[in-house]
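Have the sequence and the 3D view ready.

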Amino acid sequence: MVDNRDMSAQLRKWVIAQDNPPSIAHVVLSALTAVVSYVIARLFRLPEAYWAPMSTLLVMQLTLSAAFPIAVQYVVGTAVGAAVGAVADIYFHTSVSAFGAAIVLVGLLCVALRVERSAFRYASITLAIVMLVPRSTSGRLVALHRFFEVSIGIAVGLVLFAVWQKMDLKFSVKVRHASSVG
């Protein structure tokens, strides 16, 4: 029989923040950044602009140093998945066996490039979207759009996050200075 107290304690340990709970400022910044990336993607008339804010929210980490490696892996993975998906679309369209083979190809490219496992995950997700999502346009165009939607989201997220951290740091220094003087 399972002890519910142990299970509850484990769930709390996984969910309740021990070190880095979100702050109100981080929540507001995340919302603002997601909206800005969505608006920019819409300005470029990207058909699935919602990928921009999703990408933004993925890279919104607690520190810029933590967000940057994830962003690079996400862009690299998206580029690999989009490229393989576009080529697969030319020759195989939405064949299930081609999809499986394309995942293996993406994986082998990631192994050869020695990229992080998360880049392989992003590449595989992009490949699945390009090859499997029903659409009225070519997979090559979907691949191109996906790359730009994701890249816009990541760029906006990183830029606004960097600006926010710089402003937050200046504010923190002024507050410390004012409290030490007073």
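In helix 2, the residues H26, L29, S30, T33, A34, S37 and A41 are buried (under 20% relative accessible area with a 1.4 Å probe, counting protein chains only; exposed is over 50%, and partly exposed is in between). They sit on the same side of helix 2, because they cover an arc of only 130° around the axis, taken from the directions from the helix axis to the C-beta atoms. Look at the other side of helix 2 and you'll find I24, V28, V35 and L43 exposed. Helices here are DSSP runs of H or I, at least four residues, numbered from the N terminus.

A word on the source: this is a predicted model, where local features need pLDDT of at least 70 and side-chain atom pairs count only at pLDDT 80 or more, while totals for chains, interfaces and linings use all residues. Residues are numbered from 1 along each chain as its sequence is written, and side-chain values use heavy atoms, leaving out hydrogens and water.

Back to V35: it lies in helix 2 and is exposed, with a relative accessible area of 51%. Just after helix 2, R45 takes a positive phi of about 60°.

Now for the rings. The structure holds 5 aromatic pairs (ring centres of Phe, Tyr or Trp, the last by its six-membered ring, within 6.5 Å; planes under 30 degrees apart are stacked, over 60 edge-to-face, the rest tilted). F147 and F148 have ring centres 5.8 Å apart and planes at 65°, so this pair is edge-to-face. F161 and W164, in contrast, are stacked, with 5.7 Å centre to centre and 10° between the planes. F161 counts as buried at 0% relative accessibility, and W164 counts as buried at 18%.

Terms used: Helices (H or I, at least four residues) and strands (E, at least two) are DSSP runs, numbered from the N terminus.
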